[in-house]
Amino acid sequence: MQQPPLTSPLVDLFLELCGLPSPPGEEREVADRVAEYLRSLGVRVTEDDAGARIGSSAGNLYARLPGSDQSGTPLLFCAHLDTVPPVGALEPFVDEEGIVRNAGGTILGADDKAAVAVMLEAARRIVADGLPHAGVELLFTPMEEVGLQGARAFDASALEAKAGFVYDQAAPIGDVVLGAPYARTVEARFHGRAAHSGMYPEDGRSAIQAAARAISDLRLGRVDDVSSANVGLIEGGTSRNVVPEWCVLQAEARSHDPETLATLVREMLEAFAYAASVSDCSVDTQVSDQYSGYRFRPDEPAMLIAYDGLRGAGFEPRAILSGGAADANVFNEAGLPCVNLANGMAEIHTPDEHIAVDDLEAMVEVTLGLVEAARSAA
C-alpha cells in the first residue's frame, strides 16, 4: 500500500484543531478557527445563543451551501467541537506509519475533531470545485460530551436538510449505526448518621456502607446484547475517623429496548431503597432521561444514501448497533433522520487515541460520496 503523505492541508488543519484545547464549555478558540476557515471559503457562518443558555463559551455554528440541484435530498453534516477534558499537553503529530497521535500523554481529540476537519475539507472541495449538490448544511456543536447539550439547544426546525450525518463512532470506516440505545441516569443520595468511628461507632449509620450494599446488588456492565448499566461516580464522607453521614452515587442504564431500560432502572431504585432500609439509612433518588434511542430500517432513505455514499468511496457498508450516543440521537428525536458513520478513530477518550491519515482522507471521499448520492436521491 502506498505510504500516505505525512502532511496535507487536511492533516495540517486536523493537527491545528487537535492542538487547541476544547473541553466542554470551553470551545471558543476552536469555534473561532472553524468560523474563520468557512468564511475564508466565502461561506456565511452564524452562531446561535446556545452558549449562554447551556454554559459554554461558544454557541452552535451553522453554515449552508445553497444547492445547485433541487431534485435531490439536502443534507446536514454535524460534528461537535468539544472533547473530553485533556489531562496533559496537546502535542499532536503524525508518526512514521501515517497515524496521528498525541505525544502529550492525554487524548488526541479525534473525537470529534476528525469529523470537524473532514467536513471542513469537504466543504472546501465542494466550493472550490463547484461540485453539484442538493444542498449542504454544516453544524458544529458545543458540549456534546456532557449530554449532547449543544445539539439539544439548536433550533432544528430551521434546517432545510431531509437527512443528516455525524461521524462519531470509533470503528472502521464502513460501519453504519443502525440503532443507538435509550438511556437514563439515576442519582441516589444516602443519608445516615455521623459519629466518631473510634469512640462511638455503634451510634453511627454509614451512608457509604448502604451505598456499597446497594451497588453489590445491581446488575452492572453488559447486561444483555443490547443493554448495559454502570455506577460511575460515588462521593461521600467527611473524614477518615467519622462514620459517613452522606453518600451520593451516580448511575446510568442504557438499552435498545425501552422495556428492558425501565426494568433496569426499577431494579436500581429497589436496590437503593432496600440497602438504605437494612442499613438504617434513608435515600433520595432522582431519575432523568439522558437521551432517546432510535432504530432505522435498512431501507430508509437516509440509510440508502449512507450505503451508496460509502460504496462510492470504495467501502462496503456494515450495519451495526451502538452502545453510545451522539448528536444523531437528538436529531432523530426531533424528526430529522440522522445516521452515525464510523470514521476510523480508535481508543477514544484515552492517551492512546489515534486515527490514520488514510482514514481522514477517506472520510472526505465518503462525505463527497454522500453528497453525490443525495443529489440523485428522491
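This dialogue walks through a few features of a predicted model.

Colleague: What should I know before reading the numbers?

Modeller: The model is predicted, so local features need pLDDT of at least 70, side-chain atom pairs count only at pLDDT 80 or more, and totals for chains, interfaces and linings use all residues. Residues are numbered from 1 along each chain as its sequence is written, and side-chain values use heavy atoms, with hydrogens and water left out.

Colleague: How many disulfides are there?

Modeller: A disulfide is a pair of cysteine sulfur atoms within 2.5 Å. The count here is zero.

Colleague: Is Cys338 buried or exposed?

Modeller: Buried means under 20% relative accessible area, exposed over 50%, partly exposed in between (1.4 Å probe, protein chains only). Cys338 is buried, at 0%. Cys247 is buried, also with a value of 0%.

Colleague: How do I read a salt bridge, and how many are found?

Modeller: Side chains of opposite charge can pair when their charged atoms come close. The cut-off is a side-chain nitrogen of Lys or Arg within 4 Å of a carboxyl oxygen of Asp or Glu. The whole structure has 20 salt bridges.

Colleague: Where does the Glu16 and Arg33 pair sit?

Modeller: Glu16 is in helix H1 (residues 9-18) and Arg33 in helix H2 (residues 28-40), 17 residues apart. Helices are DSSP runs of H or I, at least four residues, and strands are runs of E, at least two, numbered from the N terminus. The N to O distance in this pair is 2.6 Å. Glu16, Arg33 and Glu36 are linked in a network of salt bridges.

Colleague: Which pair lies within helix H2?

Modeller: Asp32 and Arg28 do, four residues apart, about one helical turn. Their salt bridge is 3.0 Å, N to O. Asp32 is partly exposed at 40%, and Arg28 is partly exposed at 28%.

Colleague: What does helix H4 look like?

Modeller: H4 (residues 110-129) reaches 27 Å from its first C-alpha to its last, close to the 28 Å expected. The expected span is 1.5 Å times one less than the number of residues. In H4, 15 of the 20 residues are buried, so the helix is largely enclosed by the rest of the structure. Just after H4, Gly130 takes a positive phi of about 60 degrees.
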